[in-house]
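Take a first look at the fold before reading on. Follow the chain from its start to its end, and then come back to the text.

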Amino acid sequence: MTTMYVLEHAAEGLTERMKLLGVYDSKEEAEKAMKFLSDKSGFKDYPNDFTIDEYELNQVCWSSGF
């Protein structure tokens with residue numbers, strides 16, 4: 001299986017400001033991107049609101065409905 005890492009940022013309580021920042025082939029690459037973005041406008045005021053999630057390609061990630 002192939003793993004990918006998704007980097008997102010969402011200021012707490014502000015879901016309308018959720019941003020998909022990138023998809024990476026390693027956690028290290030996602031962390032480098034997070035470090036690069038952390039002092040930029042829109043991110044620096046919410047430095048703890050980055051997330052990196054791991055996914056397997058070609059797999060259903062949410063199978064139980066809403």
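Two strands pair if DSSP finds at least two bridges between them. Helices (H or I, at least four residues) and strands (E, at least two) are themselves DSSP runs, numbered from the N terminus. With that rule, E1 and E2 are an antiparallel pair with 5 bridges.

A word on the model. It is predicted: local features need pLDDT of at least 70, side-chain atom pairs count only at pLDDT 80 or more, and totals for chains, interfaces and linings use all residues. Residues are numbered from 1 along each chain as its sequence is written, and side-chain values use heavy atoms, with hydrogens and water left out.

Now step back to the whole chain. The protein chain has 1 helix and 3 strands. From the N terminus on, the order is β-β-α-β. The C-alpha trace spans about 35 × 30 × 15 Å along its principal axes.

The strands build a sheet. Strands of a sheet pair through backbone hydrogen bonds, either parallel or antiparallel. Here the sheet is open, its 3 strands have the order E2-E1-E3, and the pairing is antiparallel. Strand E2 (19–24) and strand E3 (50–56) are the edge strands, and each pairs on one side only. From one strand to the next, the twist averages 25°. For such angles, axes are lines fitted to C-alpha atoms, for helices over the stretch in contact, and angles run from 0 to 180 degrees between N-to-C directions.

How many bridges join strand E1 and E3? Strand E1 (residues 3–9) pairs with E3 over 7 bridges, in the antiparallel sense. Thr3 stands opposite Glu56 in E3. Met4 has Tyr55 as its bridge partner in E3.

Next comes burial. Buried means under 20% relative accessible area, exposed means over 50%, and partly exposed lies in between (1.4 Å probe, protein chains only). Of the 66 residues of the protein chain, 21% count as buried. In E1, 5 of the 7 residues are buried, so this strand is largely enclosed by the rest of the structure.

Look closely at Glu8, which sits in strand E1. Is Glu8 buried or exposed? Glu8 is buried, and it has no salt bridge. A salt bridge is a side-chain nitrogen of Lys or Arg within 4 Å of a carboxyl oxygen of Asp or Glu. For charge, Lys and Arg count as positive and Asp and Glu as negative, while His and the chain ends are not counted. The nearest side chain of opposite charge to Glu8 is Lys19, 11 Å away. Leaving aside neighbours within four places in sequence, Glu8 is in contact (heavy atoms within 4.5 Å) with residues including Leu20, Leu21, Phe50 and Thr51.

Where do salt bridges occur? The count comes to 2. In one of them, the side chains of Glu29 and Lys32 meet at 2.9 Å, N to O. Both residues lie in helix H1 (residues 27–37), 3 residues apart, about one turn of the helix. Glu29 is partly exposed at 32% relative accessible area, whereas Lys32 is exposed at 52%. Lys40 forms a salt bridge with Asp39, with the closest N and O atoms 3.3 Å apart. Lys40 counts as partly exposed, at 32% relative accessibility.
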